[in-house]
Amino acid sequence: MVVAVLTVLAGIARYAGGVSHVAAFVLAGLALAGGAWIVSFSTEQVGHRFGPATTGLLQSTLGNLPEFFVVIFALNAGQRVVAQTAILGSILVNALFVLGLVIIVGAMRERDHVMRFSPRLPNDTATLLLISSFIIVLVGLADSSHDSASHHIKAISIVSAIAILAVYGFWVRQYLTTEQAGADEGVEPRLSTAASLTLLVVAGLAAAFVSDWFVHALEPTIRTLGISQSFAGLVIVATAGNAVEHAVGIVLAAKGYPELAISVVKNSIAQVAAFLFPLLVLVSLLTATTLTFALAPVFTGALLGTAVIVWQITGDGEATPFEGAALIAAFLIIATVALFE
């Protein structure tokens, strides 16, 4: 009911006169987060019938619907910087801020303050993130050096997107067909499959409309508040679009389901880096503004550093509150840099 009211209010703020852009932006952001929660809840109900692997994949795939629409509408509005930093922000928010919170919450409830989970998914996620980072670093180097390849960034991005999507497809097949160790037991669905799918369809359609309202109010809000486009995309848009992982991962960790909590968050990181980003590069060919893998050097470095940090902390299948705090600190540093970009 609350989400429905927020969505209606966001629609009124979008089309009614006399409403400030900041108020419309806040209402659209809250409605977007609420819609993401509905998507999360319904996919969780479906996914619990199949174990942590499928649940995590479903939630990360469908949970990124709001962000997919936000980036598409941003590209249509010519806001390339916001679109690029929103995608990058999704990776950084989930890999650093959300994962850090999940680790702190999950580790603190254990007697020895160590959160344990299967290392397979974290290592696979790190591999996918490193491959994506490798492409982005290559494109960034070519773009900044103004060599012959710099004149073909669009073509390089298209070929790279197809290659990364192929690798992601191989990974998904392997991930879903390989028996997952450490499945969490005792998680019972609260809704029938039919009810869950109905909620999912309604929330997905609502996300498309709310994303349009969100982007419409974004540019004037940036001007009013005096913040940079990089900070808006990296922090504000990414946080609103990834509300699913924020809530679900932390709650699951607090309830004592470490495998499922890590699966949700780590799947989302892999999804954005190796599926959503390359997919949007291809889809953007149909929009007013083309998206490529060419990012600002500072953000290219941030992505590569994040891949290494995440691999170092989660690769052994154990994590402590100290390591969770280190992840959050890294995100705060990147957000501060984005604020002054």
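Student: How many aromatic pairs does a search of the whole structure find?
Tutor: The search finds 5 aromatic pairs. Rings of Phe, Tyr and Trp (its six-membered ring) pair if their centres lie within 6.5 Å; planes under 30 degrees apart count as stacked, over 60 as edge-to-face and the rest as tilted. In Phe68 and Phe69 the ring centres are 5.7 Å apart and the planes stand at 70 degrees, so this pair is edge-to-face. This is a predicted model: local features need pLDDT of at least 70, side-chain atom pairs count only at pLDDT 80 or more, and totals for chains, interfaces and linings use all residues. Residues are numbered from 1 along each chain as its sequence is written, and side-chain values use heavy atoms, leaving out hydrogens and water.

Student: Which residues do ring pairs link into a cluster?
Tutor: Tyr168, Trp171 and Phe275.

Student: Is Phe68 buried or exposed?
Tutor: Buried means under 20% relative accessible area, exposed over 50%, partly exposed in between (1.4 Å probe, protein chains only). Phe68 has 18%, so Phe68 is buried, whereas Phe69, at 21%, counts as partly exposed.

Student: What is the nearest side chain of opposite charge to Glu323?
Tutor: Lys and Arg count as positive and Asp and Glu as negative; His and the chain ends are not counted. That side chain is Arg116, 11 Å away. Glu323 is buried but has no salt bridge (a side-chain nitrogen of Lys or Arg within 4 Å of a carboxyl oxygen of Asp or Glu).
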